[in-house]
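Biologist: Let us go through this model by question and answer, one topic at a time.

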Amino acid sequence: MMRPVNASLDEHLPSDHRLSQVYRVGAGLTGLLLVAFGIMGLIDRIGFFDTGGDTVLALNTNGALSVLSICIGLLLFVGMVIGGSFASTLNIVLGVLFIASGFVNLALLDTGMNFLAFHIPNVLFSFVVGVMLMWFGMYGRVGSALPHDNPYWRARHPEQAAREQRAEQRARASTRPVGRPA
């Protein structure tokens, strides 16, 4: 029987859990890439809304895109520092936003509203970063074959997790030598 899950996943994934390292690495590496791209764009002193075709790391940019990249990169660094479910959720949300940005900017390519100076390589970069962030954010969080010790599986299957935990405790208690305290 399908039931909605009302569990707050922040309670089920401490920031020192091994899955948190995947979320932190994904946020940190992507944040580093975006901050580096943004700083290089600002160093070149490109106009804030210039659409003249200035490139950094083979991507078109302007001052607005550089500042936006730095801000998002710093936000990802915050996610890296906090870790846990926060980093996972941040990666997923930003991944979806990068993919949506790719589609929006694809529609704006040859219009006067292309304020971020996007070209096709920027759109493709936005799609790749979006998918990468979503992969890092969803790692170990979704799937049909999550191990039963996974905190997200336990949050979705509390009755079965409790049964397995009781069985494990009984098994440990039966293997303890007689006369030794627990």
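Modeller: Helices here are DSSP runs of H or I with at least four residues, numbered from the N terminus. The model is a predicted one.

Biologist: In which helix does serine 20 lie?

Modeller: Helix α2 covers residues 18-43. Serine 20 falls in that range, and the helix is α2.

Biologist: Is serine 20 buried or exposed?

Modeller: Buried means under 20% relative accessible area. Serine 20 has 0% relative accessibility, so serine 20 counts as buried.

Biologist: How far apart are the C-alpha atoms of serine 20 and glycine 137?

Modeller: Along the chain, serine 20 and glycine 137 are 117 residues apart.

Biologist: Is α2 roughly parallel or roughly antiparallel to α5?

Modeller: Helix α5 spans residues 120-138, and its axis comes within 8 Å of the axis of α2. The two axes cross at roughly 160°. Angles over 145 degrees count as roughly antiparallel. Therefore the arrangement of α2 and α5 is roughly antiparallel.

Biologist: How many residues of the contact of α2 with α5 are nonpolar, and how many are polar or charged?

Modeller: On the α2 side, the residues include Val22, Tyr23 and Leu33. On the α5 side, Phe125, Met132 and Gly137 are among them. The residues of this contact divide into no charged, three polar and nine nonpolar.

Biologist: Where does aspartate 149 lie, and which residues does it contact beyond its neighbours within four places in sequence?

Modeller: Aspartate 149 is in the loop between α5 and α6. Its relative accessible area is 47%, so aspartate 149 is partly exposed. Leaving aside neighbours within four places in sequence, aspartate 149 is in contact with Arg18 and Arg154.

Biologist: How is the aromatic pair of tryptophan 135 and phenylalanine 136 arranged?

Modeller: A search of the whole structure finds three aromatic pairs. In the pair of tryptophan 135 and phenylalanine 136, the centres are 5.1 Å apart and the planes are at 75°. Planes over 60 degrees apart count as edge-to-face. The pair is therefore edge-to-face.

Biologist: What is the arrangement of tryptophan 135 and tyrosine 139?

Modeller: Their ring centres are 5.4 Å apart, with 50° between the planes. Planes under 30 degrees apart count as stacked and those over 60 as edge-to-face, with the rest tilted. This pair is tilted.

Biologist: Which residues do ring pairs link into a cluster?

Modeller: Phenylalanine 136 has a relative accessible area of 14% and is buried. Tyrosine 139, at 39%, counts as partly exposed. The cluster linked by ring pairs is Trp135, Phe136 and Tyr139.

Methods. Residues are numbered from 1 along each chain as its sequence is written. This is a predicted model: local features need pLDDT of at least 70, side-chain atom pairs count only at pLDDT 80 or more; totals for chains, interfaces and linings use all residues. Side-chain values use heavy atoms; hydrogens and water are left out. Helices (H or I, at least four residues) and strands (E, at least two) are DSSP runs, numbered from the N terminus. Buried means under 20% relative accessible area, exposed over 50%, partly exposed in between (1.4 Å probe, protein chains only). Axes are lines fitted to C-alpha atoms, for helices over the stretch in contact, and angles run from 0 to 180 degrees between N-to-C directions. Angles under 35 degrees count as roughly parallel, over 145 as roughly antiparallel, 65 to 115 as roughly perpendicular and the rest as oblique. Contact means heavy atoms within 4.5 Å. Ala, Val, Leu, Ile, Met, Phe, Trp, Tyr, Cys and Pro count as nonpolar, Asp, Glu, Lys and Arg as charged, and the others, Gly among them, as polar. Rings of Phe, Tyr and Trp (its six-membered ring) pair if their centres lie within 6.5 Å; planes under 30 degrees apart count as stacked, over 60 as edge-to-face and the rest as tilted.
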